[in-house]
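Please work through each task before reading its solution.

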Amino acid sequence: MSTTDAPKKPRETDDVPVPATLRKSLKNRHIQLIALGGAIGTGLFYGSSESIALAGPSILLAYLVGGLAIFAIVRALSEMSVEDPKAGAFSYYATRYWSKRAGFISGWNYWFNYILVSMVELSVVGSFVNYWFPAIPTWVSAAVFLVIICAANLLGVSKFGEFEFWFAIIKIVAVIAMIIGGLAVIIFVLPTASGVRASFANWFTVGNGFFPNGLMGQNSDSSWTGLLMALVVVMFSFGGTELIGITAGETEDPKTTIPRATNDIIWRILVFYIGALGVIMAVVPWNTIDGKSSPFVQIFDSVGIHAAAGILNFVCLTAVMSVYNSGLYANSRMLYSLAKQGNAPAYLGKLNAKGVPVTGVLTSAVITAIAVVVVFVWPEFAFNYLMSIATIAGIINWTMIMFTEMKFRKVVAAGGAPEDSELAGKSGKEALDAIHFKLPFAKVTPWVVLAFLALVVVLMCFSASYRVAVIAGVIWLAILFAAYQLTQAKK
């Protein structure tokens, strides 16, 4: 029996003792909200100010183009997840269909990426708590939330799913409320603080129009701006959408649930990014969005609802908890998968009676705690260098997903599909046609996405704040290659 195949009887729940295997306890509603919540975070609530400043109203095009690229990446991952649902998706697929080295690099890159992202989220959680309780030290807030989320992950995968479900609900309600409120201002022509009438025409009449900074240009301080430069910021706001693939190994019905959640990504991007920011820039003149406060706060402040700052502070606090909750879940499953491949210490491949890789959860939590200490002791070093690696690690991950999908199709065409898949026993065109959830235009799409990701890396070189990430990425890949060679030499 495979380590990821759950027994038929008794029925799998986190409360019924069954042999130690990963439990397929995540239901459709969990996956839908995990996928939706993964696309909504502090990057939308606060980070959108930076992208609006770079591109003005044309940022809507940047989110559309970036969203299409992310959709293709998740579709490529979901194609493999539906046919071969396993824990540690990226690493497992890279090992199974590419090479053990690729699996090592993919798995450890993704694990370290989420360690760094979790580090940043925990380091800022104190600022949200201090909004109400300024006397509480930020390190205390970080420690408390780390323990709470760690405990939640140890309770079982269905409990993780419930936490993410409600975290996502809070974020969704906040965005929808903002959109409805903004539309009401526009429709009923309510007065705004700026004195500018709320209208979608403001996209084209305020601050040099829809393309105020063109495709790309330089400011007086020699910094680069424009639609293309905004793509860099936009792409990193989509980080986390690939979590769908990680959940496949613990989903009740991956053949139905994963495709549905993946296909819904497009309308999520249209509603929660393009729709929300479009309404914001219709109510609040885009050139007054300066990043000193969230655009979501500004839209409510503009019509006299001044409690918005406190409400959004609560929403962002839950968003931070959601990111760390997802990060700890993903990292524990990634370590479990790496251990099963022989690419990590064997103790990380052990499960408890609830089907939770406890050692993976605790190891990731301890490493994250150390990283948070580094942030508090050397904040400048941590944010300038460690986060640069996290920034480029996301692009490395997406790149490897696209290459792995192409390798997957070659293996399937050669008759090497998983034995428990409907593709087993088929080869050539027959096997490829039988893939349940195909990547659209699979012969071309991976190369288009890879070219787009390469463009993003080139654009990063034009920004002083992102240039260090490109350099760090090269060094980071060299470290991963060297680490793999070293582990193989020891064996």
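**Exercise 1.** Determine which residues Gly-278 is in contact with, leaving aside neighbours within four places in sequence.

*Solution.* Contact requires heavy atoms within 4.5 Å. On that criterion, Gly-278 meets Leu-60, Phe-200, Trp-203 and Tyr-273. Gly-278 itself lies in helix α13, residues 265–283; helices are DSSP runs of H or I with at least four residues, numbered from the N terminus. Its relative accessible area is 1%, so Gly-278 is buried (under 20% relative accessible area, 1.4 Å probe, protein chains only).

The model is predicted: local features need pLDDT of at least 70 and side-chain atom pairs pLDDT 80 or more, whereas totals for chains, interfaces and linings use all residues. Residues are numbered from 1 along each chain as its sequence is written, and side-chain values use heavy atoms, with hydrogens and water left out.

**Exercise 2.** Describe how helices α4 and α12 are oriented and which residues meet.

*Solution.* The axes of α4 (residues 59–83) and α12 (residues 254–263), lines fitted to C-alpha atoms over the stretch in contact, come within 10 Å and cross at roughly 180 degrees. The helices are therefore roughly antiparallel (angles over 145 degrees). From α4, Phe-71, Val-74, Arg-75, Ser-78 and Val-82 meet Pro-254, Lys-255, Ile-258, Pro-259, Thr-262 and Asn-263 of α12.

Note on methods. Axes are lines fitted to C-alpha atoms, for helices over the stretch in contact, and angles run from 0 to 180 degrees between N-to-C directions. Helices (H or I, at least four residues) and strands (E, at least two) are DSSP runs, numbered from the N terminus. Angles under 35 degrees count as roughly parallel, over 145 as roughly antiparallel, 65 to 115 as roughly perpendicular and the rest as oblique. Buried means under 20% relative accessible area, exposed over 50%, partly exposed in between (1.4 Å probe, protein chains only).
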